[in-house]
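Reader: I am new to looking at protein models. Could you walk me through this one, step by step?

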Amino acid sequence: VVCRMLEYQFAIQAGRASSFGFGSGSGPIWFGYQNCLGSERSIADCSIYTPSLYVRYYYYSHSYDVGVVCYTEEIKARLVGGSQPNEGRVELYYNNAWGSVCSYSGNIRGANVICKMLGYSFAKRAWGAGQFGEGSG
């Protein structure tokens, strides 16, 4: 969601800012515990989970600031092996080659990202573990 707000295609990594070497912030902490589905246009559209006082006391500190790495190159996506054009195994074109996306189980959030890349509004269902056959990449 943050990458979309910044006009990047999607995030390739997210986690604690310190794990990326970005350092900790300073000043007020404006947001905490957002529950984003991945379809929101802004982080302000995400639902907010209200944690217990214990969690807020120990985890609302700059040592838990969030970092994200947004993808900056164009990636092409396609669906292969389905009986309809809107279903199939996900393949991405990157570094001059088509390759598979490996996942043990389907993830609807990831499926929503791929469907949006392909011009669809959202994913109806996500499969994993070779539902549409194994890729060769």
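Author: Gladly! The protein has three helices and seven strands, and along the sequence they follow the pattern α-β-β-β-α-β-β-β-β-α. Residues are numbered from 1 along each chain as its sequence is written, and side-chain values use heavy atoms, with hydrogens and water left out. This is a predicted model, in which local features need pLDDT of at least 70 and side-chain atom pairs count only at pLDDT 80 or more, while totals for chains, interfaces and linings use all residues.

Reader: What is the mean pLDDT of the protein?

Author: pLDDT is the predictor's confidence in each residue, from 0 to 100. Here the mean is 78, and 81% of the residues reach 70 or more. Confidence is highest in strand S5, at a mean of 88, and lowest in helix H2 (residues 53-59), at 61. Where pLDDT is low, the predicted coordinates should not be read in detail.

Reader: In what order do the three strands of the open sheet come?

Author: First the general idea: strands of a sheet pair through backbone hydrogen bonds, either parallel or antiparallel. Two strands count as paired if DSSP finds at least two bridges between them. In this model the order is S5-S6-S7, with antiparallel pairing. Strands S5 (76-81) and S7 (97-100) are the edges, each pairing on one side only. Neighbouring strands are turned by 35° against each other on average, direction ignored; for such angles, axes are lines fitted to C-alpha atoms, and angles run from 0 to 180 degrees between N-to-C directions.

Reader: How many bridges join S6 to S7?

Author: Four bridges join S7 to strand S6, which covers residues 88-94. Leu92 stands opposite Gly99 in S7. On the other pairing, S5 and S6 share six bridges, and these two strands form a hairpin with six residues between them. Arg78 stands opposite Glu91 in S6.

Reader: Is Glu91 buried or exposed?

Author: Buried means under 20% relative accessible area, exposed over 50%, and partly exposed in between (1.4 Å probe, protein chains only). Glu91 counts as buried because its relative accessibility is 6%. Of the 137 residues of the protein, 18% count as buried.

Reader: Which side chains make a polar contact with the side chain of Glu91?

Author: A polar contact is a pair of N or O atoms within 3.5 Å; within protein, one must be able to donate a hydrogen and the other to accept it, and residues adjacent in sequence count only if both atoms are side-chain atoms. The Glu91 side chain has such a contact with the side chain of Arg78, at 2.7 Å, and another with that of Arg89, at 3.0 Å.
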